[in-house]
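Q: I am new to protein structures and would like to learn how to read one feature at a time. Could you take me through this one slowly?

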Amino acid sequence: MLLRIFLAGGYSRAEYLKKKGYFKSIGNHVYLQPWNFGTEPYLISFGDNVHVASGVTFVNHDITCMMFNYMDKEHYYKLRQGEITIGNNVFIGAKSTVLYDVTIGDNVIIGAGSLVNKDIPSGTVAAGVPCRVIGKFEDYQQKMKKEESE
């Protein structure tokens, strides 16, 4: 049964994980291609109409504290972790990485292979390592409409 759900595609996978309460929150019409949502999926929130391509990684923590705690017995280094919040109408391109304490606003496209290490404002197209705003969501949408009519 589980295998059938996961092989059926991203919408089925999202609905299954939503019913199981796997994430902090998940909206409607969400497509999740990735298989791995890190060790703290309860720190991830998805809005409505979010589409996440294959190979996207979510990292909710920084475990350098473990290394420092082992090598430096005189001090205690605490785990740094945080939430990932994804707004409505968001696409995250293949093989991108989204780090902790990041909010991706509404109406955002993240280009493939990006490293999202800071907040991305609503209404933008962003890409790169590190991810930065490279355009407007509305402009990209208009470009897609124009290509459709050609």
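Q: How many aromatic pairs does a search of the whole structure find?
A: In general, a pair of aromatic rings is described by the distance of the centres and the angle of the planes. In this structure, which is a predicted model, the search finds 8 aromatic pairs. In one of them, the ring centres of tyrosine 11 and tyrosine 31 lie 5.0 Å apart, and because their planes stand at 75 degrees, the pair is called edge-to-face.

Q: Where do tyrosine 11 and tyrosine 31 lie?
A: Tyrosine 11 belongs to helix 2 and tyrosine 31 to strand 2 (residues 31–32), so their pairing ties together parts that are 20 residues apart in sequence. With 38% relative accessibility, tyrosine 11 counts as partly exposed, and tyrosine 31, with a relative accessible area of 26%, is partly exposed.
A second example is the pair of phenylalanine 46 and phenylalanine 58, which is edge-to-face, with 5.9 Å from centre to centre and 80 degrees between the planes. Since phenylalanine 46 lies in strand 3 and phenylalanine 58 in strand 5 (residues 57–58), this pair ties together parts that are 12 residues apart in sequence.

Q: Are phenylalanine 46 and phenylalanine 58 buried or exposed?
A: Here the cut-off matters, because a residue is called buried under 20% relative accessible area and exposed over 50%. Phenylalanine 46 has a relative accessible area of 3%, so it is buried, and phenylalanine 58, with a value of 2%, is buried. Both residues also belong to a cluster in which ring pairs link Tyr22, Phe23, Phe37, Phe46 and Phe58.

Q: Which residues is phenylalanine 58 in contact with, leaving aside its neighbours within four places in sequence?
A: With those neighbours left aside, phenylalanine 58 is in contact with Asn36, Phe37, Gly38, Ile44, Phe46, Val52, Ile84, Ile86 and Val98.

Q: What is the general idea of a nonpolar core, and how many residues does the largest one have?
A: In soluble globular proteins, nonpolar side chains tend to be buried together. The largest nonpolar core in this model has 26 residues, and those with the most contacts inside it are Leu32, Phe46, Phe58, Ile86, Ile92, Ile104 and Ile110. Among the elements that each supply at least two residues of this core are helix 2 (10–19), strand 3 (44–46), strand 8 (84–86) and strand 12 (108–110).

Q: Which residues form a nonpolar patch on the surface?
A: Such a patch is formed by Met67, Phe68, Tyr70 and Met71, which together have about 480 Å² of accessible area. Tyrosine 70 sits in helix 3 (residues 64–71), and it counts as exposed because its relative accessibility is 66%.

Q: How many salt bridges does a search of the whole structure find?
A: Side chains of opposite charge can pair when their charged atoms come close. The search finds 2 salt bridges here. In one of them the side chains of lysine 24 and glutamate 83 meet at 2.9 Å, N to O. Lysine 24 lies in the loop between helix 2 and strand 1 (25–26), and glutamate 83 in the loop between strand 7 (80–81) and strand 8, so the pair ties together parts that are 59 residues apart in sequence. Lysine 24, at 47% relative accessibility, counts as partly exposed, and glutamate 83, with a relative accessible area of 32%, is partly exposed.
The side chains of aspartate 62 and arginine 80 also meet in a salt bridge, at 2.4 Å, N to O. This pair links distant parts of the chain, with aspartate 62 in strand 6 (residues 61–62) and arginine 80 in strand 7, 18 residues apart. Aspartate 62 is buried, with a relative accessible area of 15%, whereas arginine 80, at 47% relative accessibility, counts as partly exposed.

Q: What does the secondary structure of the protein come to?
A: The secondary structure comes to 4 helices and 15 strands. Of the 150 residues in the protein, buried residues make up 39%.

Methods: Residues are numbered from 1 along each chain as its sequence is written. This is a predicted model: local features need pLDDT of at least 70, side-chain atom pairs count only at pLDDT 80 or more; totals for chains, interfaces and linings use all residues. Side-chain values use heavy atoms; hydrogens and water are left out. A nonpolar core is a set of buried Ala, Val, Leu, Ile, Met, Phe, Trp, Tyr and Cys residues joined through side-chain atoms within 4.5 Å. Buried means under 20% relative accessible area, exposed over 50%, partly exposed in between (1.4 Å probe, protein chains only). Contact means heavy atoms within 4.5 Å. Patches are made of residues with over 30% relative accessible area and no salt bridge: like charges are joined within 9 Å, nonpolar side chains (Val, Leu, Ile, Met, Phe, Trp, Tyr) within 5 Å. Accessible areas come from the Shrake-Rupley method with a 1.4 Å probe; for residues, only the protein chains shown count as cover. A salt bridge is a side-chain nitrogen of Lys or Arg within 4 Å of a carboxyl oxygen of Asp or Glu. Rings of Phe, Tyr and Trp (its six-membered ring) pair if their centres lie within 6.5 Å; planes under 30 degrees apart count as stacked, over 60 as edge-to-face and the rest as tilted.
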